[in-house]
Amino acid sequence: MGRLMTTIAMVLMGAVSGAAQTDRHVLGPEPAASLEFLARDQATAEATLLDLADVGPAWRVRVAGEPASTWSVMLRRSSTLAVRAGDVLHLRLQARRLGDADAWIEAVFERAGEPYEKSLVRQLLLTPSWQTFDLPFAARHDLAAGEAQFTLRLGFPDQQVEIAAVSLLNLGPDVDLKSLPATPVTYAGRAPDAPWRARAWQRIDEHRKQGLRVRVVDAAGRPLPGAEVRLRLTRHAFRLGTAVTTGMILGEGPDAEAYRAFLLRRFNEVVFENDLKWPQLHDAGYDRTDKAVQWLRDHGFTVRGHVLLWPSQRYVPRHVAALESDPSALAAEIDRHLRRTAGFFNRRLVEWDVVNEPFANHWLMDVLGPQAMPGWFAVARQADPAARLFINDYDILASGNRLDTAHQRHFHDAIRGLLDAGAPLGGIGMQGHFGGTPTDPERLWIILDRFAAFGLPIKVTELDIEVGDDALHADYLRDFIIACLAHPQVSGILQWGFWEGRHWKPHAALLRRDFTPRPAGQAFIDLLDGPLATDVRLVSDADGVAAARGFKGAYEITVRAGGGEVRLTADVGDEPFAIDVGIPTP
Ligand code: XIL
């Protein structure tokens, strides 16, 4: 291997003393040259091993078209050294992209066979110039020599990459992972002075705020200067929501109380994480969730319905899943379920996800044919004429900066198909489960613009961010919300849970088990209490007028003059808000 490899190995060895250097090479001493190239699932890709002046032996890989998965094209090598759970490993490689298009590498260290347990999965966005990536990680499993594999997945659309100087060292269990150099996961636009921010806040001001004008008059209707006027936003018009469980809404005890206290303070919309899914309704019935809906509505929340049909065999009750060979019985079951469920909650839910994840889950469509989906929307509309009907899918925004992916295209086609068929589609749901590389704010806008062209509201329905880095989690949560608020067609953001004690990905929760905020939770609170709050105290001018700009939503208005006080509430919507407040003065 070239000079660079040796240098890297020596630098890393500097941190550890003892065993001979070669003992630590998990992939053998010359991994770059001994990687094996694989292209499958009909992927079109070619690879050449070159010797480049600046980096030594390097792979050049070209991918044409869109491979079925990221692992349809890869460079691979089995381990030649055992690793034990807890060992600290250090992967280093150099890479660059050729050409103008985005290019990615997904680096993986995993068991070389079922169940492919992974210790490392990292997406790397390449630049046109050579970049060194340092990726230290801890092994999660004991894997004998040959039992693990290292893969560089390259199955991203139309890309050309070069990879060199790959080394993977096992530094053993006694090295502090944090002491090693590490290329941070990050996203473009994260810097406090990134140019997108000014544009975002300008658009937020334009689309989310409204002029507020209070004219204070005395008992005789004459303008009253010098009155104290306070305008306090108590609830955003923009929907800020979260998934909840019926159990926590109706539950007793300190956890349930703390859960509801945070919910009441910080959110204005909810969705049930599982309680309205077909199998759950089939098993548990409607009564408890009905009570939870009642409680939520009594406390001023809007409630989304999730989900009428998640069209996979796995996500329907067992007796329904058994009807594959009897399409008419299957269609009848669906019809009954739609009418019963949408009918039961008629006018009490603001929205329904009628169909969930049609890209990956399409068993019902396969069995019943393409006209089935528009038909489900029509039936849901009959059963609940008020709810806005959504189609919902994942990896639309959370596409790791990739644009026009197969998943995005499929979603676009599905929406087009529904509209062309005259289905009463009322909204576009984008889930927003982020892992790996967060999508840059300006890329979010490109994706949102593409779907906004349908003229329907877009809602982020299931936001969670699991990135294994508290600071990144906090920054991205804040920036994601800002970016969405800045897009006029986004009508709300629902997080997929907020408390570690009830979260499908506990590390993505805002609040720890003891309800203290994690950094992302604090970032959320700071955003709400800071730039997203409106609470202004003014003094009326010579014309009795106090004017400001504030977020659309529900307000509490307090006017004080000459010892008298008037307090009222008002809704500020799409029209500039102006009101005369008469105040009785002695
Ligand atoms: C998940 C729930 O969070 C889990 O508790 C449950 O075990 C499985 O479903 N996309 C969706 C949601 O539309 O319904 C899923 O919710 C998460 C992915």
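What pLDDT does the chain average? The chain averages 94, and 96% of the residues score at least 70. pLDDT is the predictor's confidence in each residue, from 0 to 100. Residues 1–21 are the stretch to flag: pLDDT there is below 50. Beyond near neighbours in sequence, that stretch has 27 contacts in the model. Contact means heavy atoms within 4.5 Å.

Ground rules. This is a predicted model, so local features need pLDDT of at least 70, side-chain atom pairs count only at pLDDT 80 or more, and totals for chains, interfaces and linings use all residues. Residues are numbered from 1 along each chain as its sequence is written, and side-chain values use heavy atoms, with hydrogens and water left out.

Now the core. A nonpolar core is a set of buried Ala, Val, Leu, Ile, Met, Phe, Trp, Tyr and Cys residues joined through side-chain atoms within 4.5 Å. Buried means under 20% relative accessible area, exposed over 50%, partly exposed in between, with a 1.4 Å probe and protein chains only. The largest core has 127 residues. Trp352, Trp376, Phe377, Phe451 and Phe480 touch the most other members. Helix H14, residues 470–486, gives the most to this core: 11 residues. Helices (H or I, at least four residues) and strands (E, at least two) are DSSP runs, numbered from the N terminus. Another core, of 35 residues, lies apart from the largest one and includes Ala43 and Phe109.

Next, a hairpin. Strands E6 (104–111) and E7 (118–125) run antiparallel, joined by 7 bridges. Two strands pair if DSSP finds at least two bridges between them. Val108 stands opposite Val121 in E7. There are 6 residues between the strands, and Gly113 takes a positive phi near 155 degrees.

Is Gly400 buried or exposed? Buried, at a relative accessible area of 4%. Gly400 sits in the loop between strand E17 (388–393) and helix H12 (406–420). Beyond four places in sequence, Gly400 touches Trp104, Gln123, Thr437 and Thr439.

Last, Arg203, in helix H3, residues 196–208. Arg203 is buried yet has no salt bridge. A salt bridge is a side-chain nitrogen of Lys or Arg within 4 Å of a carboxyl oxygen of Asp or Glu. The nearest side chain of opposite charge, Asp449, is 5.0 Å away. Lys and Arg count as positive, Asp and Glu as negative; His and the chain ends are not counted.
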